[in-house]
Amino acid sequence: MEAPQHNLALDLVRVTEAAALAAGRWLGKGAKEEGDRAAVDAMRLCFSTLDIAGRVIIGEGEKDKAPMLYTGELVGTGRGPAVDIAVDPVEGTNLLAYGRPNAIAVVGAAPSGSMYNPGPSYYMQKLVVPAEAKGMVDLDAPVAHNLAQVAKALGKKVEDLVVFVLDKPRHKQLIEDIRHAGARIQLHTDGDVAGALMAVDPLANVDVMMGTGGTPEGVLAACAIKALGGEILGRLDPQSEMERRRILEYDVDITQILTTDTLVQSEDVFFAATGISGGTFLAGVTYTGRGATTHSLVLRGKTGTIRRISSTHQWDKLMRFSSIRY
């Protein structure tokens with residue numbers, strides 16, 4: 001038996017809330033970089049108050065391309081536990097810029113050394129299923145077989161399933177295979193972290209995620225998948241010869257099947273996400289003139305606790321001391 005320990009996820013949700021509040025002002029304004037910058041600035045400022053010795057494993061890129069929250073940056077006061085950090089201040093920058101649903105602010109954390117470092121890999125083939133189907137799917141199996149296995153695990157017919165797929169030319173054959181198997185499809189232009197979360201969230205209307213998306217996003221999503229007991233299977237899937245060469249130079253096995261436990265080795269994982277633009281997964285930021293409301297998902301892997309938090313922020317009090325002008 002253990003006494004209750006500090007839940008870092010409850011600190012991280014303040015980070016994602018700040019990012020969402022700052023980025024939400026740019027909804028639909030067509031200014032992708034400005035919205036992302038606002039979220040990065042807010043997120044980084046909040047990180048500076050946390051008593052952790054954090055190192056960004058999944059960040060905004062290399063130091064020379066992203067001045068804030070770059071891969072390898074140290075965050076926190078340095079006085080607390082050593083943790084690996086995965087961040088995406090705006091997961092779905094195009095979704096935010098064009099006012100489309102499911103843009104979210106996301107942070108994951110795990111003990112130092114336990115998070116997979118994708119190096120120069122940008123793309124990963126992914127298969128994400130909920131806890132009920134864990135151990136029942138195979139990344140190399142035909143699409144129809146995997147869908148039949150998920151349907152069996154969930155007590156559904158294949159025709160009942162909803163599959164999240166990114167609407168990209170590379171998925172033409174995948175989409176045809178899913179349709180031929182009889183399952184239904186949600187096509188999304190962006191946001192494969194949200195797609196992975198929907199596939200393992202018992203309250204979402206997605207049953208499985210398939211296709212190639214971002215490798216960093218796969219690691220970030222694995223933090224939540226681990227906490228929710230679902231499964232992600234992946235394999236690096238370079239989309240250019242240059243990416244392939246860089247991965248091989250980094251001495252990474254492109255053929256390796258990456259599992260949830262490969263991507264995040266520790267059960268003591270923390271995750272927080274706050275909706276920005278709203279949609280089927282998390283409601284977005286609502287501004288009232290006198291304040292705002294945010295909606296977040298907060299997870300702790302060790303206990304399996306799922307929190308869905310609705311927060312009301314009051315400008316007349318918050319703006320007395322906040323250096324972020326929401």
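In the predicted model, R25 is placed over the face of Y287, 3.9 Å from the ring centre, and K29 is placed over the face of W26, at 5.6 Å from the ring centre; a charge is taken to sit over a ring if NZ of Lys or CZ of Arg is within 6 Å of the ring centre and within 35 degrees of the ring normal. The model is predicted, so that local features need pLDDT of at least 70 and side-chain atom pairs count only at pLDDT 80 or more, whereas totals for chains, interfaces and linings use all residues. Residues are numbered from 1 along each chain as its sequence is written, and side-chain values use heavy atoms, with hydrogens and water left out.

A search of the whole structure returns 1 aromatic pair, where pairing requires that the ring centres of Phe, Tyr or Trp (its six-membered ring) lie within 6.5 Å, and planes under 30 degrees apart count as stacked, over 60 as edge-to-face and the rest as tilted. The pair is stacked, because the rings of W315 and Y326 have their centres 5.9 Å apart and their planes at 15 degrees. Both W315 and Y326 are buried (under 20% relative accessible area, with a 1.4 Å probe and protein chains only).

An open sheet of mixed pairing is formed by 5 strands in the order β7-β6-β8-β5-β9, strands being DSSP runs of E with at least two residues, numbered from the N terminus, and two strands pairing if DSSP finds at least two bridges between them. The edge strands, β7 (184-188) and β9 (231-236), each pair on one side only. Strands β5 (residues 123-129) and β8 (residues 208-214) run antiparallel and are joined by 6 bridges; the bridge partner of L127 in β8 is M210.

How values were computed:
Buried means under 20% relative accessible area, exposed over 50%, partly exposed in between (1.4 Å probe, protein chains only). Helices (H or I, at least four residues) and strands (E, at least two) are DSSP runs, numbered from the N terminus.
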